[in-house]
Amino acid sequence: MTRLVADIGGTNARLAVARAGVVLPGSERRYANDGFAGFEDLAERYLSQIHPGPLSEIVVAVAGPVGPGTARLTNRGWTFDAEALSRRFVAPRVMLMNDLAALGQALDSLGEDGLMTICEGDATGGTQALVAGIGTGFNTSHVLYRGADARCTRAEFGHVSLPHPVATALHERFGDTAPDFATVEDCFSGRGFARVKAACGADVVEFYGQLTGLLARELRLAFMPDAGLYFAGSVARAILTGGGAGAFARAFHAPTPVPLGAPPPVRMIMDDMAALKGCASVTF
């Protein structure tokens, strides 16, 4: 069976063809969303270039809320309808999923070259992981393991109110001139990083690393990811691999209000095709 897989972010999109749960080498393509009116036009362009033959399935990871058979791209006016896609591309089965859930599905398929360890930790016996993405926007996916089976929950955590420890750190640094961030995504996104950088200056990476560590500590309390905390996205990568890891670790490893034991490992997803791998391996 031939499966079209797609990872649709707020700025860019990646598409590929998969068979037997694996992305076919050489089928991956990346496109700027600005060049297309919607996903259908983008998929038509890709298929005209690749010529994969008849499609059996389509799986699309969307950077936005996903409901039963529908999805919407948060930072762009694109909408997705599974039934309409099935008709247009003559694909009997279509699945829409959140892009962070696709990353969660991909965790077990990422080799050492696809991950970078930010903080060491013990994941032995862990049954829950968490993926947090900081890029054009912010979101999370809780990954629940039952033996070899992984199930990824849906969330829109970026629209949760900014945690008090992060707001306090901003006020301590900037006083009354602190950026007014109402939600997690306001602060932890590309535009949020730009506002912190404008206020912070040269040491923005270290300070934003501290803020990210404070957020990760709250995420640990909320989701208890004993199998590991994984970050993804261009902003997270720039901070955690660009000089902010030390400040992140100090904030993340601060004592929690309730004892949770040893902190889990924190890793950065470095594989740009990880979401496509998740779309390829997920089962209907």
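Ground rules first: residues count from 1 along each chain as its sequence is written, and side-chain values use heavy atoms, with hydrogens and water left out. As the model is predicted, local features need pLDDT of at least 70 and side-chain atom pairs count only at pLDDT 80 or more, while totals for chains, interfaces and linings use all residues.

**Ring pairs.** I looked up the aromatic pairs and got ten. A pair here is two rings of Phe, Tyr or Trp (its six-membered ring) with centres within 6.5 Å; planes under 30 degrees apart are stacked, over 60 edge-to-face, the rest tilted.

I checked Phe174 and Phe207: their centres are 5.7 Å apart and the planes sit at 90°, so I logged the pair as edge-to-face. Phe174 is in helix α4 (residues 164–174) and Phe207 in helix α7 (residues 204–223), so this pair ties together parts 33 residues apart in sequence. Helices are DSSP runs of H or I, at least four residues, numbered from the N terminus. Phe174 is buried at 12% relative accessible area, and Phe207 is buried at 5%; buried means under 20% (1.4 Å probe, protein chains only).

Next I took Phe248 and Phe252, with centres 5.6 Å apart and planes at 20°, so that pair is stacked. Both lie in helix α9 (residues 245–252), four residues apart, about one turn.

**Charges over rings.** My cut-offs: NZ of Lys or CZ of Arg within 6 Å of the ring centre and within 35 degrees of the ring normal. Arg76 has its charged end over the Trp78 ring, 5.9 Å from the centre. For Arg93 over Phe284, I noted 4.5 Å.

Terms used
Helix = DSSP H or I, 4+ residues; strand = E, 2+ residues; numbered from the N terminus. Buried < 20%, exposed > 50% of the residue type's maximum accessible area, 1.4 Å probe, protein only.
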